[in-house]
Amino acid sequence: MKKRIFTVLLAAAMTVSLAACAGTAENNAGKKTEETSAGQSVSKEAAESEAASKETPGENTPEQAASDEKASGGNAPEQSVVKWNCGTSGNVLLTIAEEKGYLKDEGITIEYVEANANADAMTLLATGKVDVVSNAGTSNPLQQIASGVDLTIFGGHMVEGCMPVVAKAGAEWNGIESFIGKKVAVNPSYFAFTGAVMDLGYDNPLEAVDWEIYSDYNDALAAVIRGDVEYALMGTGQNLAVQEMAKNGEIDIVSYQSEIMENYSCCRMEGQTQWVKDNPNTVKAVIRALLRAQSYYESNKEEAVKLHAAKIKATEEYVAAYMLDDEHYFVSVDPLKNSVKRAWDILDKTGFLDEKAKEINIDDHINTKLYEEALGEAAEAYGGEAPEFYQNMKTFFEENDK
């Protein structure tokens with residue numbers, strides 16, 4: 001009975017928890033303008049104003065036009081304007097795809113739609129007020145699917161979100177084993193941690209660790225400093241602050257979520273299943289544009305920092321603190337099917353999915369076919385620009401989606 005009550009409370013807490021990679025306005029100290037809530041994105045009006053203030057990308061050359069036609073296979077997108085929620089932290093691949101004209105080449109315009117939190121973003125998606133959500137983690141869409149909302153994951157954003165695990169200076173750290181029997185400020189819906197505890201041989205990770213839930217990363221950090229908890233997980237947006245505190249000897253960064261579970265799947269891209277079925281060319285056009293953006297990002301990370309900092313109205317130092325950490329920050333358009341299925345299994349075993357999940361085949365809610373086709377089309381059209389990148393993406397797909 002205790003376990004059931006505890007699990008229900010944790011599941012309820014998830015609806016108000018922070019995005020795995022985001023933070024509140026107070027957390028995002030590097031922001032130039034105040035944001036009122038976690039999960040909020042750039043408004044439609046701001047996006048239109050920004051777009052109007054920029055020069056239109058140069059006209060395509062005949063060769064480029066032919067390449068774009070080849071990439072699309074002659075199939076125009078069914079929907080030219082895609083309504084998108086990408087949270088306060090934004091999506092660097094989307095930023096690049098807009099800035100470099102890759103989305104324009106595909107005939108796609110993004111309309112940004114605000115949300116006050118992850119739960120609100122998923123509600124907007126479920127009610128058709130947005131077409132795509134890319135920053136609401138992996139647990140949130142999977143929980144929606146388990147409850148009967150018909151969503152499909154068709155791509156990705158962050159594979160690993162550069163989320164530090166902190167402790168008091170000088171704290172002992174022996175990997176996830178150090179969590180056992182300790183009080184930690186980690187929401188157990190973050191399946192990388194509960195999954196890792198189960199991998200140690202604990203059938204019930206909810207009882208093996210004393211999980212404390214904080215709705216604000218600053219509160220979790222304060223709890224570490226006070227000694228109320230031994231360890232705390234921080235969001236991507238806290239990197240600059242915790243790095244400075246670690247340099248000052250106030251805390252230690254003992255690990256990262258990506259070291260607890262590799263390729264854990266930080267944020268997926270999802271839409272309503274019917275929308276994905278009705279708009280295959282639109283989905284593939286978006287994926288092709290984002291693949292080109294990922295290729296650019298991997299070769300131009302310092303410029304990507306500048307572009308994205310301007311987009312989300314943050315300092316370059318703030319964005320660089322996580323984006324230039326090649327060991328713990330990893331973005332990819334790939335759907336990451338195997339990691340999503342692993343997350344589904346862990347969430348189910350730990351009681352974070354509705355009982356309806358037992359009757360759902362999660363494979364039916366992960367579409368890799370459109371991504372595979374788009375990857376082949378992009379490689380054919382643009383592979384000459386970055387042959388190693390597209391070969392690596394094909395290899396990554398074979399390893400993570402088959």
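This is a predicted model: local features need pLDDT of at least 70, side-chain atom pairs count only at pLDDT 80 or more; totals for chains, interfaces and linings use all residues.
Five strands make up an open sheet of mixed pairing, arranged in the order β8-β7-β9-β6-β10. Its edges are β8 (210–211) and β10 (251–256), each of which pairs on one side only. Strands of a sheet pair through backbone hydrogen bonds, in either a parallel or an antiparallel sense. Strand β7 (residues 183–185) pairs with β8 in the parallel sense, over two bridges; V184 has W211 of β8 as its bridge partner. Helix α11 (residues 239–247) lies across β6 (164–168) and β10, and runs at about 130° to β10.

Parallel pairing is also found between β1 (residues 81–85) and β2, here over four bridges. The bridge partner of V81 in β2 is T109. In a regular strand the side chains alternate between the two faces of the sheet. Strand β2 (residues 109–112) has I110 and Y112 on a covered face, whereas T109 and E111 lie on an uncovered one.

Residue E160 is part of strand β5 (residues 158–161). E160 is buried but has no salt bridge, and the nearest side chain of opposite charge, that of R342, is 7.7 Å away. The side chain of E160 does reach the backbone nitrogen of N263, at 2.8 Å. Beyond residues up to four places away in sequence, E160 touches several others, including S258, Y264, C266, H328 and F330.

The whole structure contains 15 salt bridges. In one of them, R288 is joined to E106, with the closest N and O atoms 2.8 Å apart. R288 lies in helix α14 (residues 280–299) and E106 in the loop between α5 (102–105) and β2, so this pair ties together parts that are 182 residues apart in sequence. Both R288 and E106 are buried.

A salt bridge also forms between E377 and K284, whose closest N and O atoms are 3.0 Å apart. This pair links helix α18 (residues 369–382), which holds E377, to helix α14, which holds K284, across 93 residues. E377 is buried at a relative accessible area of 18%, and K284 is buried at 9%. A network of salt bridges links E106, K284, R288, K369, E373 and E377.

The side chains of K341 and D363 form a salt bridge with an N to O distance of 3.1 Å. K341 belongs to helix α17 (residues 337–349) and D363 to the loop between α17 and α18, 22 residues apart. K341 is partly exposed, at 31% relative accessibility, and D363 is partly exposed at 27%.

Technical notes: Residues are numbered from 1 along each chain as its sequence is written. Side-chain values use heavy atoms; hydrogens and water are left out. Two strands pair if DSSP finds at least two bridges between them. Contact means heavy atoms within 4.5 Å. Axes are lines fitted to C-alpha atoms, for helices over the stretch in contact, and angles run from 0 to 180 degrees between N-to-C directions. Buried means under 20% relative accessible area, exposed over 50%, partly exposed in between (1.4 Å probe, protein chains only). Lys and Arg count as positive and Asp and Glu as negative; His and the chain ends are not counted. A salt bridge is a side-chain nitrogen of Lys or Arg within 4 Å of a carboxyl oxygen of Asp or Glu. A polar contact is a pair of N or O atoms within 3.5 Å; within protein, one must be able to donate a hydrogen and the other to accept it, and residues adjacent in sequence count only if both atoms are side-chain atoms.
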